[in-house]
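Below is a short report on one protein chain. Look at the sequence and the fold together as you read.

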Amino acid sequence: MRRCCEGWTRDLRTRRCSARRMTVEQQTQRQDFIDLAIACLRESIAAGWTDFDHMQQDPDLAVLRDLREFEELMHTPPPPPLAE
């Protein structure tokens, strides 16, 4: 699995300011980080990380929890175990 998530949680936290006060460029950048975060979670789940309790409680993921995509990921069935 590639390491696509480097630094995105820190960047999301720094962009939590009110959308009303953000410029169009900042809003676009914030959405890009959110899209990256969802993609990283999707990739992690596909690779076998299914600690959904952790994902629901991790403060770094708080900005994602109200998103439909995040809720859908929380209902993703775990991948089949690897054959030995």
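What percentage of the 84 residues of the protein count as buried? The value is 29%, where buried means under 20% relative accessible area, exposed means over 50% and partly exposed lies in between (1.4 Å probe, protein chains only). This is a predicted model, in which local features need pLDDT of at least 70, side-chain atom pairs count only at pLDDT 80 or more, and totals for chains, interfaces and linings use all residues. Residues are numbered from 1 along each chain as its sequence is written, and side-chain values use heavy atoms, with hydrogens and water left out.

**Overall fold**

The protein has four helices and zero strands. Its elements run α-α-α-α from the N terminus on. Helices (H or I, at least four residues) and strands (E, at least two) are DSSP runs, numbered from the N terminus. The accessible surface comes to about 6100 Å², by the Shrake-Rupley method with a 1.4 Å probe, and for residues only the protein chains shown count as cover. Carbon and sulfur atoms hold 50% of that surface. Among contacts with a separation of 6 or more, 58% join residues 24 or more positions apart; contact means heavy atoms within 4.5 Å.

**The core**

The largest nonpolar core has 13 residues. Such a core is a set of buried Ala, Val, Leu, Ile, Met, Phe, Trp, Tyr and Cys residues joined through side-chain atoms within 4.5 Å. Leu-41, Met-55, Leu-61, Leu-64, Phe-70, Leu-73 and Met-74 touch the most other members. Helix H2 (24-46), H3 and H4 each supply at least two residues of this core. H2 gives the largest share, five residues.

Met-55 shows the packing in detail. Leaving out residues up to four places away in sequence, Met-55 touches Leu-41, Ile-45, Trp-49, Thr-50, Leu-61, Arg-65, Phe-70 and Met-74.

**Charged groups**

Side chains of opposite charge can pair when their charged atoms come close. The structure holds two salt bridges, each a side-chain nitrogen of Lys or Arg within 4 Å of a carboxyl oxygen of Asp or Glu.

| Salt bridge | N to O distance |
|---|---|
| Glu-69 and Arg-68 | 3.7 Å |
| Glu-72 and Arg-68 | 2.9 Å |

Salt bridges that share partners join Arg-68, Glu-69 and Glu-72 into one network. Glu-72 and Arg-68 are four residues apart in helix H4, so about one helical turn separates them. Arg-68 is exposed, at 55% relative accessibility. Glu-69 is partly exposed at 29%. Glu-72 is also partly exposed, with a relative accessible area of 42%.

Asp-58 presents another case. It lies in the loop between helix H3 (52-57) and helix H4 (68-74). Asp-58 is buried yet has no salt bridge. The nearest side chain of opposite charge, Arg-65, is 5.5 Å away. For charge, Lys and Arg count as positive and Asp and Glu as negative, while His and the chain ends are not counted. What does the side chain of Asp-58 reach at 2.7 Å? It reaches the backbone nitrogen of Asp-60.

**Links across the sequence**

Gly-48 lies in the loop between H2 and H3. Gly-48 has 38% relative accessibility, so it counts as partly exposed.

Pro-77 lies in the segment after H4. Pro-77 counts as exposed because its relative accessibility is 60%. Pro-77 and Ile-45 are 32 residues apart in sequence. In space they are 9.0 Å apart, C-alpha to C-alpha.

Conventions: Polar contact = N/O pair within 3.5 Å; in protein donor to acceptor, adjacent residues only side chain to side chain.
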